[in-house]
Amino acid sequence: MKKVTNVFWISLALVLLAVGYGAFAPDNFAEVTGNIETFLTTSFGWYYLLIVSLMVLFCLFFLVSPMGNIRLGKDTDKPEFSFGTWIAMLFSAGMGIGLVFWGAAEPLSHYAIDPATAEPGTAEAFRESMRFTFFHWGIHAWAIYAVVALSLAYFQFRKGEPGLISATLKPLFGEKMNGPLGTLVDVIAVFATAVGVATTLGFGTIQINEGLAFLFDAVPGDNFVVQIIIIAIVTVLFLISAWSGLSKGIKYLSNTNMVLAISLLVLVLILGPTLLILNMFTDSIGSYFQNLMRMSFRAAPVDDENRAWIDAWTIFYWAWWISWSPFVGIFIARVSKGRTIRQFLFGVLVVPTLLSFFWFAAFGSTAIDVQNSGTDLTGLLTSETLFAVFNQLPLGTILSIIAVLLVTTFFVTSADSATFVLGMQSTNGSLHPSNAIKVTWGLAQSSIAVILLSAGGLGALQTALIISAFPFSIIMLLMMGSFYKSLNLEYKAMKRRR
């Protein structure tokens, strides 16, 4: 068994402390975390807008720079996974359940419930809903993941450092990263990963419960007993997968995810308003790029109503993606050995962004078309919206079955990937953490989800996760500087040798 570090014990203690607070005093926990989140989004919204835009520019620079030819590994290393499997793995870890959860619900909300600037239900609100959904799930989101993953992969596979967030900061801080300061950095990363995946397990369980209730009358909706059974089954599945290793369990699950996701997407394209979907996809891409600069820096300083929308959606998403970046970034780095920086950035930035755009165009346009046809979807829970949309389409039951299977496989993949990442971070960056460590973190995540579902503290823990994004955003800025410093020195040395 790999040696467990202090990061494991400190992180586990902090997670249990947060969960205990959320379980035994859920109302107070929600109030405290909610107040802190409101303060951060209101007072530092400008900061989130600036740093995330900086991350996009950072990634685009290396995408076109001659330094993009440098390999994430030794010059002779080749990619461990095929391009298709690699995309499937990073897509499953990076977005996963979120696409199914928000695919219909977010565009519908921006159109009919709470548009950014337009009047609800208008043609302008329709166009705006797609543009902002693309914005929230597009290049900016993937650039956040790419910054962490690129830095980790470079230092781990090319420089021979352990796969830890703290190791990426050694060019700036030297051996201090081997002491308490490095431990603090890694604890923040592990806390964000453990809490983030636990909350996702909780929300994924709720959506599977709603899907089963829609499909089978005998299954009650929003039922705690059903949710415990779902978590128990999924836990067994992802622990089996985690036990089988990265090249088997996660690889096969990720490929299964892509097959199910593409099948569902094609069926919705055929059975839904096909021409509307294709037109909205095309029009929204143009609108997205035309308005990208404005959306990226839109702070609405003299318009309280628009500012509230930005805080609730854009700033929330940027903080959410940052809070997820330790988990997703570490996992993407682990599966990206052997690719050049340019290949890596193309695969992480461009391909998943286009897939996400088409996904939201299909599911969002279909939901809005159903809404405009006379079926009011605005009063439904987010977890119910997708199934209510399918209920209005031909073969709705088949679509719902595929959706439940897809949420389940995304669910298992996310949990499986997280146990691997948490195992790495708990054993000094080991590329092959022991099964005992992975099982420990897996059971901890599932237990957290059950406790918070029973106590109603899931939303408050999600808010706590958003708060953790603020200190980690500072770490990300340091990672960018450290990566540039090290890579630039190497590139200059390579030029001198030629």
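Both Arg 158 and Glu 490 are buried (under 20% relative accessible area; exposed is over 50%, partly exposed in between, with a 1.4 Å probe and protein chains only). The exercises below start from this pair. The model is predicted, with local features needing pLDDT of at least 70 and side-chain atom pairs pLDDT 80 or more, while totals for chains, interfaces and linings use all residues. Numbering runs from 1 along each chain as its sequence is written, and side-chain values use heavy atoms, without hydrogens or water.

**Exercise 1.** State what joins the side chains of Arg 158 and Glu 490, and which parts of the chain the pair ties together.

*Solution.*
Step 1. Arg 158 and Glu 490 meet in a salt bridge, 2.5 Å from N to O. The criterion is a side-chain nitrogen of Lys or Arg within 4 Å of a carboxyl oxygen of Asp or Glu.
Step 2. Arg 158 belongs to helix 7 and Glu 490 to helix 19, so the bridge ties together parts that lie 332 residues apart in sequence. Helices are DSSP runs (H or I, at least four residues), numbered from the N terminus.
Step 3. The pair is part of a network of salt bridges that links Asp 75, Arg 158, Lys 159 and Glu 490.
Step 4. For the structure as a whole, the search returns seven salt bridges.

**Exercise 2.** Locate Gln 156, decide whether it is buried or exposed, and list its contacts outside the nearby sequence.

*Solution.*
Step 1. Gln 156 sits in helix 7, which covers residues 139-158.
Step 2. Its relative accessibility is 10%, so Gln 156 is classed as buried.
Step 3. With neighbours within four places in sequence set aside, Gln 156 touches Glu 161, Gly 163, Met 424, Gly 429 and Leu 431. Contact requires heavy atoms within 4.5 Å.

**Exercise 3.** Describe the salt bridge of Glu 124 with Arg 127, and then that of Asp 311 with Arg 307.

*Solution.*
Step 1. In the bridge between Glu 124 and Arg 127, the closest N and O atoms are 3.1 Å apart.
Step 2. Glu 124 and Arg 127 are three residues apart in helix 6 (residues 123-137), which means that about one helical turn separates them.
Step 3. Glu 124 is partly exposed at 35% relative accessible area, and Arg 127 is partly exposed at 37%.
Step 4. Between Asp 311 and Arg 307, the closest N and O atoms are 3.0 Å apart.
Step 5. Helix 14 (residues 304-334) holds both Asp 311 and Arg 307, four residues apart, or about one turn of the helix.
Step 6. Asp 311 is buried, with a relative accessible area of 13%; Arg 307, at 16%, is buried too.
Step 7. An α-helix has 3.6 residues a turn, so residues three or four places apart point the same way.

**Exercise 4.** Find how many of the nine residues of helix 16 are buried, and name them.

*Solution.*
Step 1. Helix 16 spans residues 382-390.
Step 2. Seven of its nine residues are buried, and helix 16 is thus mostly covered.
Step 3. The buried residues of helix 16 are Ser 383, Thr 385, Leu 386, Phe 387, Ala 388, Val 389 and Phe 390.

Methods
Helices (H or I, at least four residues) and strands (E, at least two) are DSSP runs, numbered from the N terminus.
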